[in-house]
Amino acid sequence: MKPEEKLALIKRNTQEIISEEELLNLIKQKKQPVVYLGTAITGKPHIAYYVWVLKLADFLKAGFKVKVLLADLHGALDNCPWDILEKRYDYYSTVIPLMFKSIGVEVKNLEIVKGSSYQFDKNYILDTLKLSTITTIHDAQKAASEVVKFGDNPKLSGLIYPLMQALDEQYLGVDVQYGGVDQRKIFMYARENLPKLGYKPRVEVMTPLLPGLTGKKMSASDPKSKIDLLDSELEVIDKLKKAFCEPGNIEENGVLAFLKHVIMVIKQDHGEKLIIERPAKFGGNIEFSTYSEIEAAFMDNKLHPLDLKNALAKEINNLLSIFQKNKDKIEKIVEEAYPK
């Protein structure tokens, strides 16, 4: 694969890359660049996590070493109770590998890293303190504002969060950090401040946030907005039936968004088409090779929302079948990680 082809693969479905020129030069100059994505172990992972799982798969195909940081200390800084932190880590470290397995990607160059395995290092702590002496409260809160749940009475922990995330780029030894566009302010904080400690700025890659089933942001804290990895087939079908999917409206449409960023990416990578099953009296089955074809048919009211929802439910249930097979084992971990 040529450098430009690798760039195109990484670039698909992204919202912003800072900077594309730096990324292309990195691909040309380094045999195996390293990228990481960090996820704080707070709420239960849901199907929107497939967006970054697929993007990391693109990095793997482009020859990158990929690190997934399960940020346990960041979880605590963002209000995860300390006494269940290890249980949350157990849950994430169980389901994230299954997500990669469910899409059939080769993971020999994938490494899962526990944040506390290096974040207690003396030099890491010293650098955190150094950053705290050059970072204003205003700048720290601004950087974390889209990520940390500050509330009406912000805690000091939320201000430490972006400082540590910036340092993770250095201590994980990566060339690129990837995340959702909600991470942008922290990414920019890292690019601006790491050089002040003598460290190089990294390339930052961002994908958009998917709207949830209610039309708003998909959120772990709003059960109605998302499909959980452990939802049963019937729960998936029921949630999608209630999902916002106004005829001809593609704005804030979580059904279409998931098709675009997840299902059709998988289909195209496997050389498959999306088959939407319909009764003969409604035109019979219809096939789509690309997301743009689906969107065009939906906008022209040639594709009924219910048919679209039914097709998506079938695809999601196929994707989540691996979790149903392991449900008894996973649910035991869930009970301890997310006590009622």
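The model is predicted, so local features need pLDDT of at least 70 and side-chain atom pairs count only at pLDDT 80 or more, while totals for chains, interfaces and linings use all residues. Residues are numbered from 1 along each chain as its sequence is written, and side-chain values use heavy atoms, leaving out hydrogens and water.

Trainee: How many helices and strands does the chain have?
Mentor: Helices (H or I, at least four residues) and strands (E, at least two) are DSSP runs, numbered from the N terminus. On that basis the chain has 15 helices and eight strands.

Trainee: What is the radius of gyration of the chain?
Mentor: The radius is taken over C-alpha atoms, and the globule rule is 2.2 Å times the number of residues to the power 0.38. For 340 residues the rule gives 20 Å, and the chain comes close to this, so it is as compact as a globular protein of that length. The radius of gyration is 21 Å.

Trainee: Is Leu77 buried or exposed?
Mentor: Leu77 sits in helix H4, residues 72-77. Buried means under 20% relative accessible area, exposed over 50%, partly exposed in between (1.4 Å probe, protein chains only). The relative accessibility of Leu77 is 12%, so Leu77 counts as buried.

Trainee: Which residues is Leu77 in contact with, leaving aside its neighbours within four places in sequence?
Mentor: Contact means heavy atoms within 4.5 Å. With those neighbours set aside, the partners of Leu77 are Ser157, Gly158, Ile160, Tyr161 and Met164.
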